[in-house]
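Subject: Structure for your review

Dear colleague,

Please find the sequence and structure below. A description of what was found follows.

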Amino acid sequence: MASNQPSVFIDGEAGTTGLGIRQRLERMPEIDLRSLPEARRKDPSARQDMMGACDLVVLCLPDEAAREAVALAEALDGAAPKLLDASTAHRVDPQWIYGFPEMAPDQPGKIATSRKVSNPGCYPTGAIALLRPLVQAGLVPPDYPLAISAVSGYSGGGRSLIEAHDRAGGPAFELYALGLEHKHVPEIEVFAGLDRRPIFIPSVGHFRQGMLVSVPLYLDDLPGRPTGADLREALRAFYEGSEHVTVAASDGTERLEPDVLNGTNRLDLYVCANEQRRQAVLVAQLDNLGKGASGAAVQNLRLMLDLDSRPN
């Protein structure tokens, strides 16, 4: 294996996101993917030694375990690797760069030069992609009373939820987080540029993978009373030239399915408007394990390791 290959270690590779990242990295010959024997994967000393021998470590751990892993890495001082955290632990921490490259023109550069990047949540990826451009364009006020609904495949819900849906007679559909304290709300609020906490209503369907995030709007309650075409044009201009984000050309769509983009790193955005009723629904469609998790992580990893500028 070539000595100039950057080395990567996934701390927590046995979970859903970790497995997804590993599968993607195994198809990338330009990196040296390293792993610990199963018996040593929870050994702090072994993990720290591996961190010190790698250029970048991906953290696929629960929040508290991710914080502990960061402490292990930072104790290495000058030998500390770059960190890409897939947990919720550091997403609104100002010392970490938020790993959504498409959210601002300079975001890829910030990710590329940072030593600590927090991978976005799946739901926030869709919500921020829809709302941030419209807030920045003045079409949606930062204090607008937003309600965000979303449905995800059950693969992103952890072992107990996956087991419940995989067995015969699993639940057909579930609303959850009805205490209105979902852990993804802070990053939606911060990175969409909102001054008012949105109401977020997540749900899980009886399908393994895929996601839809939707935001209803009363057009006459928005500044300047925009049309659906105005909203769509603002999104189109914001993401023009994007490799992964596409804005639908028209609002003729009558139905959307959550699993159409499974296996990809795509994020498709729609503005579905009824001008007679002066109502619109913004919709983001993505793979909750792709652009919503593992695919986004690999996209960030490529930036952090400057892989696209390296010679083959």
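Two strands are said to pair if DSSP finds at least two bridges between them. Strands (E, at least two residues) and helices (H or I, at least four) are DSSP runs, numbered from the N terminus. By this rule, strand β1 (residues 7-11) pairs with β2 in the parallel sense over three bridges, and Val 8 stands opposite Leu 33 in β2.

This is a predicted model, in which local features need pLDDT of at least 70 and side-chain atom pairs count only at pLDDT 80 or more, while totals for chains, interfaces and linings use all residues. Residues are numbered from 1 along each chain as its sequence is written, and side-chain values use heavy atoms, with hydrogens and water left out.

The parallel sheet

β1 and β2 belong to an open sheet of six strands, in the order β2-β1-β3-β4-β6-β5, with parallel pairing. β2 (32-34) and β5 (97-98) stand at the edges with a single partner strand each, so one side of each has no neighbour in the sheet. Four bridges pair β1 with β3 in the parallel sense, and Ile 10 stands opposite Val 58 in β3. Val 58 also stands opposite Leu 84 in β4; β3 and strand β4 (residues 82-85) run parallel and are joined by four bridges.

In a regular strand the side chains alternate between the two faces of the sheet. In β3, Leu 56 and Val 58 point one way and Val 57 and Leu 59 the other way, and all are buried (under 20% relative accessible area with a 1.4 Å probe, protein chains only; exposed is over 50% and partly exposed lies in between).

Helix α1 (residues 16-25) lies across β1, β2 and β3 (56-59), and runs at about 160 degrees to β1. Such angles run from 0 to 180 degrees between N-to-C directions, with axes fitted as lines to C-alpha atoms, for helices over the stretch in contact. Helix α3 (residues 63-74) forms a right-handed β-α-β unit with β3 and β4; right-handed means that, with the strands pointing away from the viewer, the path from the first strand over the helix to the second runs clockwise.

The mixed sheet

A further open sheet has seven strands in the order β8-β9-β7-β10-β13-β12-β11, and its pairing is mixed. Its edges are β8 (173-175) and β11, each with a single partner strand, so one side of each is left without a neighbour in the sheet. On average, neighbouring strands of this sheet are turned by 20 degrees against each other, direction ignored.

β7 and β9 pair in the parallel sense over six bridges, and the bridge partner of Val 151 in β9 is Ser 203. β11 and β12 run parallel and are joined by three bridges, with Thr 246 opposite Asp 268 in β12. Asp 268 in turn has Gln 285 as its bridge partner in β13; β12 and β13 run antiparallel and are joined by eight bridges. Four residues lie between the strands in the hairpin of β12 and β13, where Arg 278 takes a positive phi near 55 degrees. Seven of the eight residues of β12 are buried, so this strand is largely enclosed by the rest of the structure.

A nonpolar core is a set of buried Ala, Val, Leu, Ile, Met, Phe, Trp, Tyr and Cys residues joined through side-chain atoms within 4.5 Å. The largest has 45 residues, and those with the most contacts inside it are Leu 217, Leu 231, Leu 269 and Leu 282. Its largest share, nine residues, comes from α5. Apart from this core lies another, of 20 residues, including Leu 33 and Leu 305.

α5 packs against α8 at an angle of about 100 degrees, with the axes 9 Å apart. This makes the two helices roughly perpendicular, a term used for 65 to 115 degrees. The contact (heavy atoms within 4.5 Å) involves, among others, Ala 129 and Leu 130 of α5 and Leu 231 and Tyr 239 of α8.

A residue in a loop

Phe 207 lies in the loop between β9 (199-205) and β10. The residue is partly exposed, with a relative accessible area of 22%. Not counting residues up to four places away in sequence, Phe 207 touches Val 151, Ser 152, Gly 153, Tyr 154 and Pro 258.

Yours sincerely

Key:
Parallel < 35°, antiparallel > 145°, perpendicular 65-115°, else oblique.
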